[in-house]
Amino acid sequence: MSGTDYNYDEQGQFFPYFILTVTTLVTVPTTISFLRPSKELENTGTTIDSDFTPEHADLIQGQRKKQKRLERRIKRGLLMLVGWAMNAAMVYLILVTARTTPDIWNPYDVLGVNRNADEKAIKKHYRKLSLTLHPDKARENPAKNITLQTINDHWVDVTKAFKALTDEEIRNNFLQYGHPDGKQSFSIGIALPKWIVTEGAGKYVLLIYALALGVILPYTVGKWWYGTQRLTKEKVLIASAGKIFREYDNDQGQVGVIGALSSGEEFNEVLTGNKADNGLSKLEQKVLSEGSESLVSQTLTKKDRQKLVDLEDSRRRKVLTLLWAYLGRVELDDETLNDEKFEVAPIALRLNEAYTSIALAYGNTKAVLSAYHTSQNLIQALRPGASPLEQLPHFGPTVADAAEAERSRTHLTIQEFMRIPDAQRKARLVDAGILNQDQYSTAMSVASRIPIFNVEKAFFKVVGERFVTPSSLVQFVLKGRFFPSSATDVPEVNPKDLLDIDPEEGDVAAITGRKNDRSGEKPIQPPLAHAPYFARDHAPRWHIFLADSKQGRIAVPPFTFSTFDKPILDESGNPTYNVQTLKMQFGAPPQAGSYTFVMHMICDSYIGMDTKMEVTLVVEDASKAEEVEEEEEISEPEEDSIAGQMRSLKTGGAPPRKRRQANDDSSGSDTEGDVESESETDTDTDSDEE
Amino acid sequence: MWPFSAIDWVMLTVPIAYLVILIGSLGVFSNLYRKRKAATAASLEPWFPPHLQRNVYLSLLHMEDPKVPDSILKAALLRRATEDIHRIVQVRNAKQALQVLLQRGSVGDDLWQRFQRAEKEIEEELRDVVNEANAFAPNWGQTIFQSASEMAQNNQIRERLSEITSKTAAEKEWWEKRKVGIQSDFMKELDDEKDGVMVEKK
């Protein structure tokens, strides 16, 4: 079976090298990826610590640990260990077999002369040796195991070496090819041990081959392929995305969104077997019955509740009721039910991402807002319409009620509450006996550390231009500062910070954003969301989008920001009030005019910190921009330079080109379509700062 | 016999077995795969729930004894058309969004297939309604959907209205309470002021 031209590796000299190379190729990257700390925002952010422990903190901790266990890279670790063990074995084999390989006869070594010694030196050395090594001169020495035989053999060797070296041809051969006989025919071998192809082993090798190609390869490829097909871009099961799409409705509020999320298939993995309707009746009674003190029944209208009860699938009914129990922070008096209550929330948040992307595809402002608000509710474990104050530790509905004092329909946000003088706040809560001093100070310390992004200025601009011209690439620049919620004596903004200065014309690195990407520095990340009831760590993200208020549609899809370019807190933990710059790019409408958008900025983790602002984009006619340019006294660029050509293009020096450009403009359908065609979320935009 | 005795039959079976296993497994795979695909295609959930209004209309139409009067049939047809309006609006709204989502990979292929089936179904349904309407009165088919959409809008507005009016009782109650609260606060403030004034006078 073996080919006559190829030698198998009989002494096992080479196949360890081969295997070592292959396993190293696999093992080293695996090790690097195993040991590298995760770069996810959730793992790098700081937390807002407080000594507040919510009810069932042990269950929430248990859920967190469960997630950690899932995230642990066990398989990778095992692969790494096996790889290194194999490497070690191969290195051992190499070392062991290296000793058995014979050395090539080297006349220089035998004579003990330098390689570049010339003939004269060699002859001289040989004579010197003959004085001591010649059989007539050398003495037997049994103690050193030197007999007549060995002396003779050695002398023969030395003479041979001398002859070889004094012969011009042989010496040259040796110097050129490393072998006295001249150029050696090199042989190609197969770095596999011979036993693989010997009679008995053949069928096992064939079996392994068949297993590898016939079973393992199709299995892994199939698993990978169907694995990628099972999940959508948002890492949600395809089936769930389909169901949520069917449940989607433009006009439904957060209650509807939560209903839609409950259709996700992911919950089936949690509520398997008889878990699917265990304790359902108890749960429904606790959460939904009119008489119970749970606030969920007040949040849900009669219609919503009917819809929930009418659900045919008991698993889905349980999921939805659990979600409401979580959002209403309802005590369920049952360990497993409470545990499940905390387990469903993170899943729902993941599904909510799929819902958000569907809402964005529809482009309806109200639906997108509902989706974002649902994310806030899920992270803070608060029902829709709850007071934002309940995000603070120890604040329940009654506490929030007392804190708000004015029994109005709208709730106070945390920052509004913190603006009330401390004495008054205390009077409402501590003096009235609702919270004790410790609880109050815990809540206040958390409240003062929740960062709020305060927009100072928002404007549109085109890099390098004075006006926004039709169809140009507009930057929406948002300047703002992080305040702690309790900030009272906020320093004035330095007006210089609110300007957005274009980089120098020649500064290509700055224009492309390469210079300021701060790859060396870590981007600044606000602390993780303070969410004691949510069984995961969550890094807050800020979504910014522009909406057309007249049509109730989204004009510029959201850009998401999770890291910022300037520190929020200094070393001692005090706020720096640095002005942060956020930028998003989109295509300007093709017609001149002024367009009014409503800018929404929504933090996905905290309730009541949304910013809504009207911004106007003034698109000037292209001719106006030219006029200004002509008024300015710029030295006329050379006709053959690029600038000159650009100029002649702009001023109509090349009429045919210009006409074509105009045509291009008019072909871009209507205003909205053009604006919407901009790509979706891009987290990197904050990196290119002035 | 010479040619056969020289053949090593056992060794010959090896390549033949190889070919048989290879082709056989490929055949089985393709067969199973196609069957499964057909089964999933057949078991795709319908996009819309059963069309109740159409069923009502059809059963009324086929009632022989006693024969249903034309006016009732027409009303049933209008109801059917109204439901169709709801559906067509849903389909039209969903189409663009679904295309975007499909491109981005946010939804699966089978949803798109289900959607296309629903689209075709609703087209057929519309054609059927037009034909039926024309059978009742010539050229009614051209206007039936106009009336149906007006009916649908009317319904929507009424629902919205009733939703708002259903809130009045609760709102009223809340306001009464608030009013009483404000009043008592004012009285208290006035009393305090009086006391203060009296103290000052002393």
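**Salt bridges and a buried serine**

Trainee: Is Lys66(A) buried, partly exposed or exposed?
Mentor: In this predicted model, the relative accessibility of Lys66(A) comes to 36%. Buried would require under 20% and exposed over 50%, so with a value in between Lys66(A) counts as partly exposed.

Trainee: Which residue does the side chain of Lys66(A) meet in a salt bridge?
Mentor: The N to O distance in this salt bridge is 2.7 Å, and the partner of Lys66(A) is Glu343(A). The two residues stand 277 residues apart in the chain, with Lys66(A) in helix 3 (residues 57–71) of chain A and its partner in helix 17 (residues 335–362) of chain A. The partner is buried, at a relative accessible area of 12%, and the residue asked for is Glu343(A).

Trainee: How many residues apart are Arg316(A) and Glu247(A), whose side chains meet in a salt bridge?
Mentor: The side chains of Arg316(A) and Glu247(A) form their salt bridge at 3.2 Å, N to O. This pair links distant parts of the chain, since Arg316(A) belongs to helix 16 (residues 314–327) of chain A and Glu247(A) to helix 10 (residues 238–247) of chain A, and the separation is 69 residues.

Trainee: Which strand holds Arg481(A), the salt-bridge partner of Glu456(A)?
Mentor: A salt bridge of 2.8 Å, N to O, brings together the side chains of Glu456(A) and Arg481(A). They are 25 residues apart, and while Glu456(A) sits in strand 3 (residues 451–461) of chain A, Arg481(A) is found in strand 4 (residues 473–484) of chain A.

Trainee: Which residues of chain B are joined into one network by salt bridges that share partners?
Mentor: The structure holds 19 salt bridges over all chains. Where salt bridges share partners in chain B, they join four residues into one network, namely Arg54(B), Arg80(B), Glu125(B) and Asp128(B).

Trainee: Which side chain is joined to that of Ser387(A) by a polar contact of 2.7 Å?
Mentor: Ser387(A) lies in the loop between helix 18 (365–380) and helix 19 (397–404) of chain A, and at a relative accessible area of 3% this serine is buried. Leaving aside neighbours within four places in sequence, the residues in contact with Ser387(A) include Leu382(A), Ala400(A) and His411(A). The polar contact of 2.7 Å joins the side chain of Ser387(A) to that of Glu404(A).

Definitions and conventions. Residues numbered from 1 in each chain as written. Chains lettered and ligands numbered in written order. Predicted model: local features only at pLDDT ≥ 70, side-chain atom pairs only at ≥ 80, totals over all residues. Heavy atoms only, no water. Helix = DSSP H or I, 4+ residues; strand = E, 2+ residues; numbered from the N terminus. Buried < 20%, exposed > 50% of the residue type's maximum accessible area, 1.4 Å probe, protein only. Polar contact = N/O pair within 3.5 Å; in protein donor to acceptor, adjacent residues only side chain to side chain. Contact = heavy atoms within 4.5 Å.
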